[in-house]
Amino acid sequence: MTQGFKGEAQDSPDRYLIVGLGNPGADYARTRHNAGFLVAEQLAERWRARWGYEKKFKARLAAADRPQGRVLLCEPQTYMNASGEAVGAVAGFYHVALSRLLVVVDDADLPLGSLRLRPGGSSGGHHGLESVEQHLGTRDYARLRIGIGRQAGAREITGHVLGRFSSTEAALIDKVLNVASDQVATWLDAGIQKAMSQFNGAVEGSANESNAQ
C-alpha cells in the first residue's frame with residue numbers, strides 16, 4: 001500500500017530515503033538544475049505516493065511501501081545550495097542508514113543523456129552535494145548524476161543550468177528520467193552494484209550512446 005508521509009513513525013524499520021535535488025518554485029520548474037526533482041516526482045507517480053510539505057524539515061516528502069521496506073521521497077525546499085539542511089534533518093529524524101540513502105542530482109559535466117551512479121565520492125563542485133556532505137559529515141552516500149551537458153564553448157554555465165530543456169531535448173530527457181527511475185528502482189531492489197552495471201552510461205538513443213563508458 002502507498003500513502004502520504006503523514007503519520008510516519010520515527011522508528012520504522014527498513015526505511016530508505018531517496019532525495020531529488022533542485023530549486024523550489026515555478027521559476028525553476030523543469031529546468032536542467034531540477035533533474036533530481038524530476039526523477040523524484042516520476043518515482044512518486046509510479047508508486048502513487050502523495051507529496052506533502054513538512055515545515056520542520058523544509059522539504060516536500062512522500063512515502064511508499066515497497067517490498068524492501070518503507071521508502072521516503074524527499075525534495076528539499078531550501079534552494080539547491082542549502083539542500084543538506086533538509087537532507088540531514090530528514091535522515092537524522094528517521095534514522096536512515098547511509099547505505100539506504102540515495103541523492104539524485106544534475107551534472108553539467110556529463111553529456112545530456114548520461115547516467116552515473118556511484119556509492120560515494122566528491123561533490124565535483126556541485127553546491128547541492130557540497131551542502132549534503134557538510135550536513136551529513138561524510139561523502140559515503142550514493143549519488144545518481146543525471147547528465148545535462150554544457151553549451152559548447154561556454155565557460156559560464158549558470159544560464160544553461162537554470163534554463164529549461166529545449167524542444168529538441170524534451171523527448172530525450174523524458175526517456176532519461178524514465179531510465180533513471182528504473183535505475184533507482186534497481187538500486188532499491190537489487191543493490192547499487194547491479195544498478196551501476198545495468199544502467200550507468202548513455203541512455204539508448206542519446207547522441208553519446210556510442211561513447212558510453
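I started at Tyr 79, which sits in the loop between strand S5 (69–76) and H2. This is a predicted model, so I'm reading every value as computed. Phi of Tyr 79 is positive, about 75°, even though the residue is not a glycine. I noted that because most residues other than glycine have a negative phi. Buried or exposed, or something in between, for Tyr 79? I got a relative accessible area of 43%, so Tyr 79 is partly exposed.

Next I went to the other end of H2. His 95 lies in the loop between H2 and strand S6 (101–107). His 95 also has a positive phi, near 55°, and is not a glycine. I looked up its cover too: His 95 has a relative accessible area of 57%, and with the cut-off for exposed at over 50%, I put it down as exposed.

**H2 against H3**

Then I checked what H2 packs on. H2 (residues 83–93) and H3 (residues 127–136) pack at about 40°, and their axes are 7 Å apart. The two helices are therefore oblique to each other. I have the crossing of H2 and H3 down as right-handed. Which residues meet here? From H2 I listed Ser 83, Gly 84, Glu 85, Val 87, Gly 88 and Ala 91; from H3 I listed Gly 128, Ser 131, Val 132, His 135 and Leu 136. Sorted by class, this contact has 4 nonpolar, 6 polar and 1 charged residues.

**H1 against H5**

I did the second pair the same way. H1 (residues 35–47) and H5 (residues 167–190) pack at an angle of about 70°, with 9 Å between their axes. That makes H1 and H5 roughly perpendicular to each other, and their crossing is right-handed. On the H1 side I wrote down Ala 35, Leu 38, Val 39, Gln 42, Leu 43, Arg 46 and Trp 47. On the H5 side the contact uses Leu 177, Asn 178, Ala 180, Ser 181, Asp 182, Val 184 and Leu 188. By class I have 9 nonpolar, 3 polar and 2 charged residues for H1 with H5.

**Whole chain**

Last, I stepped back. How many helices and strands does the protein chain have? I found 6 helices and 9 strands. Of its 213 residues, 52% count as buried. I also looked at contacts between residues at least 6 apart in sequence: 71% of them join residues at least 24 apart. The accessible surface comes to about 9,900 Å², and 46% of that belongs to carbon and sulfur atoms.

Notes
Residues numbered from 1 in each chain as written. Predicted model: local features only at pLDDT ≥ 70, side-chain atom pairs only at ≥ 80, totals over all residues. Heavy atoms only, no water. Axes fitted to C-alpha atoms, helices over the stretch in contact; angles between N-to-C directions. Helix = DSSP H or I, 4+ residues; strand = E, 2+ residues; numbered from the N terminus. Parallel < 35°, antiparallel > 145°, perpendicular 65-115°, else oblique. Left-handed = near helix turned anticlockwise from the far one by under 90°. Contact = heavy atoms within 4.5 Å. Nonpolar A, V, L, I, M, F, W, Y, C, P; charged D, E, K, R; others polar. Buried < 20%, exposed > 50% of the residue type's maximum accessible area, 1.4 Å probe, protein only. Areas by Shrake-Rupley, 256 points an atom, 1.4 Å probe, with all protein chains shown as cover.
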